[in-house]
Amino acid sequence: MNGTLDANTIINRNNFLSTLATQQQTDISQISSYGRTNAIGNDYKFKSAAKLIGGMTLAFYIGSIQPQFFGKTMLQNLYTENGEKKNFAHLPVREQWLHNNKAALESVKKGLEDSYQGRVHYLGDFSQYLKNLVHDYFESRNNEGWDGYDAVPLTEVSKNTVLALIGLLPQGIKQTEIVPTPSGGFGFDWTEADKILSIDVENAEVSWSFINWETKQKQSGYELYKGNLPSGLKEVLIREFAV
Amino acid sequence: MNKLRCVHPRHYVDKQEKLSRFVTDFEYIKNGNINQSVFKADKSNTLSVYRTTRCKPKYIWYLCETYFNAQAVGRVEILAADILEKGLDFNPDGKPHTRHANIIKWNTNKPDDLRIRQELARVSKIFRRPE
């Protein structure tokens, strides 16, 4: 692996993702979704610039937009061998936004260059990534109306509860999204085409709801945090969102 | 902006109306998914929306910039019928703009409220703000 961007270093996008999915035992749709790359608890570590896997390079770079997941194939999808932009219609739909986003594209290029130069920064495993995110939210959503409406600042109790919950999530479940909520708490969503699991943390109160849209199955619960995951919630996570 | 103005809304919210909830963070509309927290009511148990039926996109973003927040990154659109179907209701208060309304009567049972938000997120559409 010489770190250059020539096409020979990448077989093709699908092989690349399949290889990664096999190696990491994660869901391929999760990997290709520009979301975080890993199932919680797996051993794969995040790098801010790049990681070599199977002779290929992944770039995970925090740019001006969001933490994103990039592969070299993305650049090859964007440019011809002569360095000209490809016809927009030829790009995978989920990558088209990058085509016209100069800042994001520069971030990808910088990440790849950093990787080539050996400048990588270890961000910890996925649980640690989520915890860092919680701390960031807590620091930045500390004013009334942070959402443009009437949101209240995130509370210390909510932060502590959600950090504890992250530490209690079962090993080997799929990645999740976490966002701050206007009531001063945090919300998790595990979303797939046919099902969703959401957790809402408000101070020490933990509410959760699971819906399978196809089978119409619904489960939910509510309890005050007492040092463990609500049993029904843990069961749903393992049953429905294990990798 | 006079040329962009759309017809004055009725004094009640019709079930056919389209409603817009502006969002200030991409995290809520990431990867084509709408996080259910977009529909989480505030401390007064209301959710602020704009009635944007028959409004051109340019006018909708004018409303956003003028009466909400210039930093909005997108909006989530939902039909009033979907709101009413969940047992929720509207207070078309017209403040700070005649096209403003609050969604009211949110369920105080938290898991039920969470489920309603999941269902609303599922039937909503994302519109990212034009560059």
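Of the 131 residues of chain B, 39% count as buried, a residue being buried if 20 or more other C-beta atoms lie within 10 Å of its own, exposed if 12 or fewer, and partly exposed in between, with C-beta atoms placed from the backbone. The model is a predicted one, in which local features need pLDDT of at least 70 and side-chain atom pairs count only at pLDDT 80 or more, while totals for chains, interfaces and linings use all residues. Residues are numbered from 1 along each chain as its sequence is written, and chains are lettered from A and ligands numbered from 1 in the order in which they are written.

**Chain B**

Chain B has three helices and six strands, where helices (H or I, at least four residues) and strands (E, at least two) are DSSP runs numbered from the N terminus. Along the sequence they follow the pattern β-β-α-β-α-β-β-α-β. Contacts are counted between residues whose C-beta atoms, placed from the backbone, lie within 7 Å. Among contacts in chain B between residues at least 6 apart in sequence, 78% join residues at least 24 apart.

The six strands make an open sheet with antiparallel pairing, in the order S4-S5-S2-S1-S3-S6 (chain B); two strands pair if DSSP finds at least two bridges between them. At the edges are strand S4 (89-91) and strand S6 (125-128) of chain B, each pairing on one side only. Neighbouring strands of this sheet are turned by 40 degrees against each other on average, direction ignored. Within the sheet, strand S1 (residues 18-23) and strand S3 (residues 74-79) of chain B are antiparallel over six bridges, and B:Phe22 stands opposite B:Arg75 in S3(B).

**Confidence in chain A**

The mean pLDDT of chain A is 68, and 51% of its residues reach 70 or more; pLDDT is the predictor's confidence in each residue, from 0 to 100. Over residues 1-72 of chain A pLDDT stays under 50, and the model has 148 contacts beyond four places in sequence for this stretch. Where pLDDT is low, the predicted coordinates should not be read in detail.

**The sheet of chain A**

Five strands of chain A form an open sheet in the order S4-S5-S6-S7-S8, with antiparallel pairing. S4 and S8 of chain A are the edge strands, each pairing on one side only. From one strand to the next the twist averages 15 degrees.

| Strand pair | Bridges | Residues between the strands |
|---|---|---|
| S5(A) and S6(A) | seven bridges, antiparallel | two residues, hairpin |
| S6(A) and S7(A) | eight bridges, antiparallel | two residues, hairpin |

In the turn between S6(A) and S7(A), A:Asn203 has a positive phi of about 55 degrees. How many of the eight residues of S6(A) are buried? S6(A) is mostly covered, with seven of its eight residues buried. A:Ile199 in S6(A) stands opposite A:Phe188, and the bridge partner of A:Ile199 in S7(A) is A:Trp208. A:Ile196 stands opposite A:Ile211 in S7(A).

**Helices at the sheet**

Helix H7 (residues 156-168) of chain A lies across S5 and S6 of chain A and runs at about 140 degrees to S6(A). Axes are lines fitted to C-alpha atoms, for helices over the stretch in contact, and angles run from 0 to 180 degrees between N-to-C directions. Helix H3 (residues 110-122) of chain B also packs on the sheet, touching S6, S7 and S8 of chain A, and its direction makes about 45 degrees with that of S7(A).

The axes of helix H6 (residues 126-140) of chain A and H7(A) come within 10 Å and cross at roughly 170 degrees. H6(A) is therefore roughly antiparallel to H7(A); angles under 35 degrees count as roughly parallel, over 145 as roughly antiparallel, 65 to 115 as roughly perpendicular and the rest as oblique. H6(A) contributes A:Ser127, A:Leu130, A:Lys131, A:Val134 and A:Phe138 to the contact, and H7(A) contributes A:Lys159, A:Val162, A:Leu163, A:Ile166 and A:Gly167. These residues divide into six nonpolar, two polar and two charged. Ala, Val, Leu, Ile, Met, Phe, Trp, Tyr, Cys and Pro count as nonpolar, Asp, Glu, Lys and Arg as charged, and the others, Gly among them, as polar.

**Interface**

Between the chains, 30 residues of chain A are in contact with 24 residues of chain B. Strand S4 (177-180), strand S5 (186-192), strand S6 (195-202), strand S7 (205-212) and strand S8 (218-224) of chain A each supply at least two residues of the side of chain A that touches chain B. S7(A) gives the largest share of that side, five residues. By class, the side of chain A that touches chain B has ten nonpolar, 13 polar and seven charged residues.

Notes
Two residues are in contact if their C-beta atoms, placed from the backbone, lie within 7 Å.
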